Amino acid sequence: MRLLKVLLILIATALACFGQTESLLIGPGDELRVEVFDTPEMSQRVRVTDAGEVPLMFIGNVKVATLTPGEAARAIEGTLKSKQLMTHPQVTVSVAEYATQQVSVMGQVKNPGVFYITAPVSVINLLSNAGGLTDAADRNITIQRHGDSQRTVKYFFSNNSDDALQTSVMVYPGDIVIVPKAGIVYVLGDVGRPGGYTMSNNDSQMTVLEALATAGDTNKTAIISKVKLVRKTTNGITEIPISLGAMRKGKQPDIAMQSNDVLYVPFSYMKNLALNASQITASSAGAVIYTHP
């Protein structure tokens, strides 16, 4: 029976350590549940002080702030051994209550705001509580961990439900969830529906042919041999000639567009305004913006 107990606690400890890469760091005000195997009189619930320590019976104060629960358990084990209270202690630590019980959801969700949670929840559940993503949302979501502005987790909210569920991450009390606005590409000139289009389809990317199809394709009067991609770079505005005919036939690869790119399809020679790259870029400022269907 004793051997079985030892095996069970080792398994529990291994599982706890396995999940620590996404565990919230312990902070002041958190209430911890500390258990020492085979020594129930040492099991206790204690709150972390402002100094980041927990006052433990028989041991004294142990520094646990900024540690994961697994790391805190190892620190307590080390203290038990250093004080010669136990030779082979086996300690488990879990957060019984978080000091901060709110999560902020910002950006492109239908109901942004502060949500109160008492335990970790999946990011999908939290986004659902916030009303879901807006049509203009980028599906690349950032989660800033509580207490550390440099500690962030990236989550891609796939349109594929299986992928979205399998890759879902946990959100902890005190975290901030940021849903950015999707990038916009512009399709101007002699097309069915000129304007700006959010890159919110599939994986928040859009190619030249996808953008063109979304804009209703070229009109019969368009000069497809003179199509060009206008892109702003750190060195200025760049024009990229597009061999649309060859691209449509699969003789040339489709090109991935970047946010704020302008795909320009010239009108027939009778209607052509002979716009240069700067004029094309400037004209995008007044374009109608459409969300991707």
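Reader: In this model, are Y155 and F157 buried or exposed?
Author: The model is predicted. Buried means under 20% relative accessible area. Y155 falls in that class, and so does F157. Both are buried.

Reader: How is the aromatic pair of Y155 and F157 classed?
Author: The ring centres of Y155 and F157 are 6.0 Å apart. Their planes make an angle of 35 degrees. Planes under 30 degrees apart count as stacked and those over 60 as edge-to-face, so the pair of Y155 and F157 is tilted.

Reader: How many aromatic pairs does the count come to?
Author: Rings pair if their centres lie within 6.5 Å. Y155 and F157 form such a pair, at 6.0 Å. The count comes to one.

Reader: Which residue lies over the face of F157?
Author: A charge must be within 6 Å of the ring centre to sit over a ring. Here the distance from the ring centre of F157 is 5.2 Å. The residue is R139.

Reader: Which residue of β10 is the bridge partner of I143?
Author: Strand β9 covers residues 140-144. Five bridges join β9 to β10, and the two run antiparallel. The partner of I143 in β10 is V153.

Reader: Where does D217 lie, and is D217 buried, partly exposed or exposed?
Author: Phi of D217 is near 65 degrees, a positive value in a residue other than glycine. D217 is in the loop between α5 (208-214) and β15 (228-233). Its relative accessibility is 33%, so D217 counts as partly exposed.

Reader: What is the relative accessible area of N260?
Author: N260 also has a positive phi, near 80 degrees, and is not glycine. Its place is in the loop between α6 (244-248) and β17 (262-265). N260 is partly exposed, with a relative accessible area of 46%.

Reader: What share of the chain's residues counts as buried?
Author: The chain has seven helices and 18 strands. Its accessible surface comes to about 15500 Å², and 54% of that belongs to carbon and sulfur atoms. Of the 293 residues, the buried share is 43%.

Reader: What share of the contacts with a separation of 6 or more comes from residues 24 or more positions apart?
Author: Contact means heavy atoms within 4.5 Å. Among contacts in the chain with a separation of 6 or more, residues 24 or more positions apart account for 60%.

How values were computed:
Residues are numbered from 1 along each chain as its sequence is written. This is a predicted model: local features need pLDDT of at least 70, side-chain atom pairs count only at pLDDT 80 or more; totals for chains, interfaces and linings use all residues. Side-chain values use heavy atoms; hydrogens and water are left out. Helices (H or I, at least four residues) and strands (E, at least two) are DSSP runs, numbered from the N terminus. Buried means under 20% relative accessible area, exposed over 50%, partly exposed in between (1.4 Å probe, protein chains only). Accessible areas come from the Shrake-Rupley method with a 1.4 Å probe; for residues, only the protein chains shown count as cover. Two strands pair if DSSP finds at least two bridges between them. A charge sits over a ring if NZ of Lys or CZ of Arg is within 6 Å of the ring centre and within 35 degrees of the ring normal.
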